[in-house]
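Dear colleague,

I am handing over a structure that will be new to you. Please find it below, followed by an account of what was found in it.

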Amino acid sequence: MQLEAAHAVEITKLVEYVDRKEDPLIQVVRTHQHNTDSAVLQTARCLKTEVQRETRKMKDSIVEKTKERWHGKRMHGQLPHSLDEKLVDNEQSYHWLKSGEIKRETESTIVAAQDQAISTNYFKNKILKEEIESKYQLCKQHEETIDHLTSRCPILAKNEYLMRHDKVSTHVLHSICKALGIEITDKWYTHRQRSYSK
Ligand SMILES: [Zn+2]
């Protein structure tokens, strides 16, 4: 099967080369091929479609297998599980990954956090089976999971979550002002709220 595939790829490439090359000798070959309704040419055309179809099938199967592997891991795969819910917009949720505007290291840390695969006390205790307290040291009430750290801790809510909330709203406000053509600073984080009622 692999030999047949290699043969198909080679013939297809050869015909593409003959079709494209601007060399006088190759041009003679090309004219000859077209005038004689060449069997090689016909074969190549059939094979080209075949090769494209096979390549597409192969790509689809790789994507599918990667997805299966991701879903199958114990911790990696938390995110796709939670995104399968009907309320979540998958397209929007993955937009930040597709736009490629952040550094690779930051990207992998965020993905690990979303998958609950960061070395929290809970992770060390339950997954790595280390002898360590699984609760969060600051509140000492709840398990130190990513969900707890990012949005559920009553201690962090008083300050850290509030600051995060304000930063996000500043960014949103800056974007709205920009879209409306209202005079703003270059950097969104230096944006100061003022009255826009006029
Ligand atoms: Zn807490």
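I begin at a glycine: G181, which comes directly after α11, has a positive phi, near 75°. Please bear in mind throughout that the model is predicted.

Of its 198 residues, 7% count as buried. Among the contacts in the chain with a separation of 6 or more, 34% are accounted for by residues 24 or more positions apart.

Two lysines also deserve mention. The loop between α8 (121-126) and α9 (146-152) contains K129, and K140 is found in the loop between α8 and α9 as well. Phi is positive at K129, near 60°, in a residue other than glycine. For K140, likewise a residue other than glycine, phi is positive and near 55°.

Which surroundings do these lysines have? K129 has 8 other C-beta atoms within 10 Å; a residue is exposed if that number is 12 or fewer, and K129 is therefore exposed. K140, with 10 C-beta neighbours inside 10 Å, also counts as exposed.

With kind regards

How values were computed
Residues are numbered from 1 along each chain as its sequence is written. This is a predicted model: local features need pLDDT of at least 70, side-chain atom pairs count only at pLDDT 80 or more; totals for chains, interfaces and linings use all residues. Helices (H or I, at least four residues) and strands (E, at least two) are DSSP runs, numbered from the N terminus. A residue is buried if 20 or more other C-beta atoms lie within 10 Å of its own, exposed if 12 or fewer, and partly exposed in between; C-beta atoms are placed from the backbone. Two residues are in contact if their C-beta atoms, placed from the backbone, lie within 7 Å.
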